[in-house]
Every structure is written in C-alpha cells, then in structure tokens.
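Hi everyone, thanks for coming. Have a look at what I'm putting up on the screen, and then I'll walk you through a few spots in it.

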Amino acid sequence: MRGGEGDMKPMAHLGVGIGWRPEIAGAVEGLPGLDWVEVVAENICPGHLPESLVRLLDRGVRVVPHGVSLGIGGADRPDPAKLAALGERAVALGAPLVTEHIAFVRTSSVAPGPVLEAGHLLPVARTRDALDVLCENVRIAQDALPVPLALENIAALVSWPGEELTEAQFLTELVERTGVRLLIDVANLHTNRVNRGEDPVAVLEGIPLEALAYVHVAGGVERGGVWHDTHAHPVPDAVLDILAELRSRVDPPGVLLERDDDFPAEAELAGELAAIRGVLGGPAGAVPYPPFHRSPGAARTRASNAGGAGVGAAPTHASNAGRAEVGGLGGVRTRVGIGQAALLSALVAGTPVPEGFDRQRVRVQARALAAKRAGVVARLAPELPGILGGEDPYREAFLRYARHRPMTAGYRRDALDFAEHLLVRDLPADPAARRRLTLWWRDRAGARPPGRAVRWARALVGRAA
C-alpha cells in the first residue's frame, strides 16, 4: 500500500508554485523563481502532455496532478477507472504525490433515481457516518495509487444540519484513521469564515499540521454577504493573513497560487507570487518539514482542544474502527447516499430543500452551480454562444434548459444535450442558425439529428413530464 497507514516518507519540498492552465501557459513558463506547478488531472492526457508542461519538466520544475472529479466523499466506493487515471497521470509527470478534495460531486448508485452530477465540489456532512465512508474510500484510493494522496478542505455556501464534528475534529480524525496528507486551502478557510461563521484559527490550531502536504492560496469576491471562491480575482489581504497565521505554526512544504479564470497579465501573477513569498519570510519551505509520524493520542488531543459549541471530543480510533467493522458500511453508505442525493437534487433539479438546510443559501448555491455550468459549457463549446446570437441569449437559453435538465454525464455531454434540446424545440428560430447548430451537433455526436416527428414526440413527453 502506498501512502496509507503506518510510517510515511518525508513530504517532498515543493517551494512556491502556481496552478498551470493552458490560458496562461506562456506566462507560467516566464515566471521568475518558479519551483513547481499543479495541473488539473482531468485536463491532461498522459501520452500527450502539453508542450509547455514538457518544457517545465525538462527544466526540473515539479508538476503535481490535482483531481476534481473523484468525489471521494461520496457514498459510493471510488471509481477504479478514475483512480487508475489519476495514478497514470502521477506516473507520467513523475509527481511525488496526487491530490483531491474532501467532497462529493455526484449522487450515489445506492440512492433512488438517476445519477446526477453537480459539476462542482460539494461539502461532506461532518458526521460519524460520513467520516466512516470517507475513511474507507480513502483507504481504497491509497491502495490503488502509486504515490501518496493528499486531500483538500473545500469552500462551501451551505452547512449540513446535525453535524457532529467541527472541521478540525473531522480533519484530524481523518488523518488519524488513514494517514492521509492534508492540502490546506487558506482561501477556503476564509470563505467558510464568511459563509459559515467558522474560525480559521480554530481550524489551524486543531489539525495535525505535521500531515501538511502543501497549501493553496486564491482570490474571490463578496456579493450580498456571501463570499464566492472564484479563483478569478486577486488574493485578498484576509487570505494572506490566514497564510501568515499558518506560517507562524509551520513552514509549509509548498504553497501554490490558484487562478482559474479572468487571467491577469504575467506581471500581476508574479506580484501575487511575490506577496506569498513575503508572507512566508523568504522561499517557502526553506527548512524542509520533518517526516509525518502518526500519533493518534496527540491528534485526538488537538481535535478535542479545537472543540466547538455542542461538539464533543472525537472518540478513539479503535472505537470508530469497531463501529465500522461490527455494523458494516452498507447501511451507512445508503444513509449518506440518500442525504447527499436529497441535497444535490435540490441544487440541480429543483426538488424541495431537505429539512434543516438554510433554504436561502441553497438557492444561492443552486444559482451559482447553474451559472458555473453555463460558463464551463461555453468554454468547452465556444461556438454555441455565437450560433445563438451572443453571450446573453446563450446564457438565457442555457439556464432555461438547465432548470429542468440536471447534468448526468459531465460537461461535454451536457453541451451536446443542450444543443439537442434546442433542436428538439426547433430553436433557434432563424433557419441559418438552426442549420449551423445541426451541423455542430452532428460533427460531435456522430449521429443524425432527430427528425421533426421525433422532436415533436420528445417535446410532448417533456411537457407531460
């Protein structure tokens, strides 16, 4: 088993880096003093790496794959194909580790109804059930991966009702029970402070920082009292302050700047990296961090000290293991899966908000998911806004479609389904635009578009539904 329980090798010293994206590949190559980059794992093919990444690797710049679609916090066991793909990318890049998120991204096969995709990272409930499922999923992933695994805390707009653990307790017990590394996103800690009233300092005080793999830093924006973790805005001072708080406790093995949209000029990216180096007091990881040795007693003490109103100390590792072994996880996975399906269905399919959730926050999250979905489809299929007459008509049409058509098979399939949805309804009305849309759909779907009789039948079925 690689990266699982037991003794662990010292964490790789990474330094200061940036998220590599195709839109800023040239700028990234030109950044002075760049130690490493992180790449979205799903965006690269091991046998056909982008030339920019190859040049960085040839220069000795480390590249770490960062997964976004595994959904390791979901009720199902991790998909073996997704784990294999993540491992292949780690091997192709010569990466010292791979990273993913403590999140769920789709409904479970144990829940009723079709599998729905969120297209986004959604928070796992901090409950004993959810923790048991997550720990088993992490062990499965660790057994399958060729390098150590680190998991990232995520940002969230909504909180689960009836949570039994604080963030610090949840993360600490996860490390204690699995030996997994932590990727701490200080921007997400800031987001959760604004949106959920959680204290970043309490999290940093309560988690085992000896398990730290590296750190994420990113920007966002506040609208109407809600912080949106956009990765499309400059890093605010509040996030750098949390980084400084973390740095006062530990010298991070690596710190990475994330930027995913509205990319600035190279000089601005270099300035943000310089600001990060300033907070770190020089090159990050100037003194390599010592190896991580699991210490369950110390971890429990930290989690208990982090505490929280109405939240007790975490039970021992042995008691949790016994709970999982005696009762089995079949029923636990079903309970977790049904709860996650109810929330995700409310977010993407318009079903009632589950009892105990903040309905206003769920509505805000639902709008954010729909807007993100429209934006991603537009980036993957930039021809669609042009065919529909511009960004505004496209977005209006897509949001109408998305209101009644949850995503079930990823963004690329979503773009094809959206185009077929328009063709079924004889939209757009302009014959020339409809012909262009038909050709676009045919080129990508590899099939003939539905005839008029089929379109009428589908439209009738849709109205009846």
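Let's start with a quick one: is Asp262 buried or exposed? Asp262 is exposed, because its relative accessible area is 53%. Exposed here means over 50% relative accessible area, buried means under 20%, and partly exposed is in between, using a 1.4 Å probe and protein chains only.

Before I go on, some housekeeping. This is a predicted model, where local features need pLDDT of at least 70 and side-chain atom pairs count only at pLDDT 80 or more, while totals for chains, interfaces and linings use all residues. Residues are numbered from 1 along each chain as its sequence is written, and side-chain values use heavy atoms, with hydrogens and water left out.

Okay, the overall picture. The protein chain has 18 helices and 12 strands. The chain has 465 residues, and 53% of them count as buried. Now contacts, meaning heavy atoms within 4.5 Å. Take the contacts between residues at least 6 apart in sequence: 77% of these join residues at least 24 apart.

Back to Asp262. You'll find Asp262 in the loop between β12 (254-257) and α9 (266-280). Its phi is positive, about 50°, although Asp262 is not a glycine. His231 also has a positive phi, near 60°, and isn't a glycine either. His231 sits in the loop between β11 (226-228) and α8 (237-247). With a relative accessible area of 9%, His231 is buried.

Next, two arginines. Which loop holds Arg21? The one between β1 (15-20) and α1 (25-30). Arg21 counts as buried because its relative accessibility is 6%. Setting aside residues up to four places away in sequence, Arg21 touches Glu38, Val39, Val40, Glu258, Arg259, Asp260 and Phe263. Val40 is 19 residues from Arg21 along the chain, and their C-alpha atoms are separated by 8.1 Å. With Asp260, the side chain of Arg21 makes a polar contact of 2.6 Å. A polar contact is a pair of N or O atoms within 3.5 Å; within protein, one must be able to donate a hydrogen and the other to accept it, and residues adjacent in sequence count only if both atoms are side-chain atoms.

The other one is Arg373, in helix α13 (residues 359-380). Arg373 counts as buried, at 6% relative accessibility. Leaving out neighbours within four places in sequence, its contacts include Phe398, Tyr401, Arg405 and Asp414.

Last stop: helix α4, residues 128-144. How many of its 17 residues are buried? The count is 12, which leaves α4 mostly covered. Among the buried ones are Leu131, Leu134, Cys135 and Val138.

So how do we talk about two helices packing? We use the angle between their axes and the distance between the axes. For α4 and helix α12 (residues 330-348), the angle is about 110° and the axes are 9 Å apart. That makes α4 roughly perpendicular to α12, a label for angles of 65 to 115 degrees. The axes are lines fitted to C-alpha atoms over the stretch in contact, and angles run from 0 to 180 degrees between N-to-C directions. On the α4 side, the contact residues include Ala130, Val133 and Ile140, and on the α12 side they include Val332 and Arg335.

That's my tour, so over to you for questions.

Definitions and conventions
Helix = DSSP H or I, 4+ residues; strand = E, 2+ residues; numbered from the N terminus. Expected span 1.5 Å × (residues − 1). Parallel < 35°, antiparallel > 145°, perpendicular 65-115°, else oblique.
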